[in-house]
Amino acid sequence: MRLYTAVQLVEVLLFGAVLLYGLLSHRPSLAVLGGGLLLGKATLNVLAPEGGTVLRRSILGYGLATLYIVAGVVLVKLGR
């Protein structure tokens, strides 16, 4: 297994753990954070066939994730 692949798997496990912890501890903002991080990682990998550097794909993926997280946390706070 290549180092890059191993790092990605560790990131996915960590982000999934944040999501699960947020769900199990009844902290919806943390669950949104974990989901957003997973969304960013997925977007980064979905864009791989399109080409571009890892940095560019990361900026796009985690930029989208940031929008998701901000919107999610705002909705969580408004719902209380």
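## Burial and the case of Thr-43

A residue counts as buried when its relative accessible area is under 20%, and as exposed when that area is over 50%. Thr-43 has a relative accessibility of 17%, and therefore it counts as buried. The structure discussed here is a predicted model.

Thr-43 is located in helix H2. A polar atom of its side chain lies 2.8 Å from the backbone oxygen of Leu-39. Beyond the residues up to four places away in sequence, Thr-43 touches Gly-61 and Leu-64.

## Overall architecture

The protein chain contains three helices and zero strands, and its pattern along the sequence is α-α-α. The C-alpha trace spans about 40 × 25 × 15 Å along its principal axes.

Of the 80 residues of the chain, 24% count as buried. Among contacts between residues at least 6 apart in sequence, 50% join residues at least 24 apart.

Helix H1 comprises residues 3–24, which makes 22 residues. From its first C-alpha to its last it reaches 31 Å, close to the 32 Å expected at 1.5 Å a residue.

Which residues of H1 are buried? They are Gln-8, Phe-15 and Gly-22. Because these residues cover an arc of only 50 degrees around the axis, they lie on the same side of H1. They pack against helix H2 (28–46) and H3. The face turned away from this buried side carries the exposed residues Leu-3, Val-10, Leu-13, Leu-14 and Leu-24.

## The loop after H1

His-26 lies in the loop between H1 and H2. Its position is just after H1, and its phi is positive, at about 55 degrees. Most residues other than glycine have a negative phi. His-26 is exposed, because its relative accessible area is 66%.

Side chains of opposite charge can pair when their charged atoms come close. With a cut-off of 4 Å between a side-chain nitrogen of Lys or Arg and a carboxyl oxygen of Asp or Glu, the count comes to one salt bridge. The side chains of Glu-11 and Lys-41 form this salt bridge, with an N to O distance of 2.2 Å. The pair links distant parts of the chain, as Glu-11 is in helix H1 and Lys-41 is in helix H2, 30 residues apart.

Are the two partners buried or exposed? Glu-11 is partly exposed, because its relative accessible area is 25%. Lys-41 has a relative accessible area of 6% and is therefore buried.

## Val-32 in helix H2

Val-32 also belongs to helix H2. At 14% relative accessibility, this residue counts as buried. Leaving aside neighbours within four places in sequence, Val-32 is in contact with Tyr-68, Ile-69, Gly-72, Val-73 and Val-76. The buried residues of H3 include Ile-69, Gly-72 and Val-76.

How many residues apart in sequence are Val-32 and Tyr-62? They are 30 residues apart in sequence, and their C-alpha atoms are 14 Å apart in space.

## Helix H3 and the buried Arg-57

Helix H3 has 26 residues. The span from its first C-alpha to its last is 36 Å, close to the 38 Å expected at 1.5 Å a residue. Its buried residues are Arg-57, Ser-58, Gly-61, Ala-65, Ile-69, Gly-72 and Val-76, and these pack against H1 and H2. Gly-61, one of these buried residues, is touched by Thr-43.

Arg-57 lies in H3, which covers residues 54–79. Arg-57 is buried yet has no salt bridge. The nearest side chain of opposite charge is that of Glu-50, 10 Å away, whereas a salt bridge requires the nitrogen and the carboxyl oxygen to be within 4 Å. Not counting residues up to four places away in sequence, Arg-57 touches Tyr-4, Leu-44, Leu-47, Ala-48, Gly-51 and Gly-52.

Terms used:
Residues numbered from 1 in each chain as written. Predicted model: local features only at pLDDT ≥ 70, side-chain atom pairs only at ≥ 80, totals over all residues. Heavy atoms only, no water. Helix = DSSP H or I, 4+ residues; strand = E, 2+ residues; numbered from the N terminus. Buried < 20%, exposed > 50% of the residue type's maximum accessible area, 1.4 Å probe, protein only. Lys, Arg positive; Asp, Glu negative; His and termini not counted. Contact = heavy atoms within 4.5 Å. Expected span 1.5 Å × (residues − 1). Arc of directions from axis to C-beta. Polar contact = N/O pair within 3.5 Å; in protein donor to acceptor, adjacent residues only side chain to side chain.
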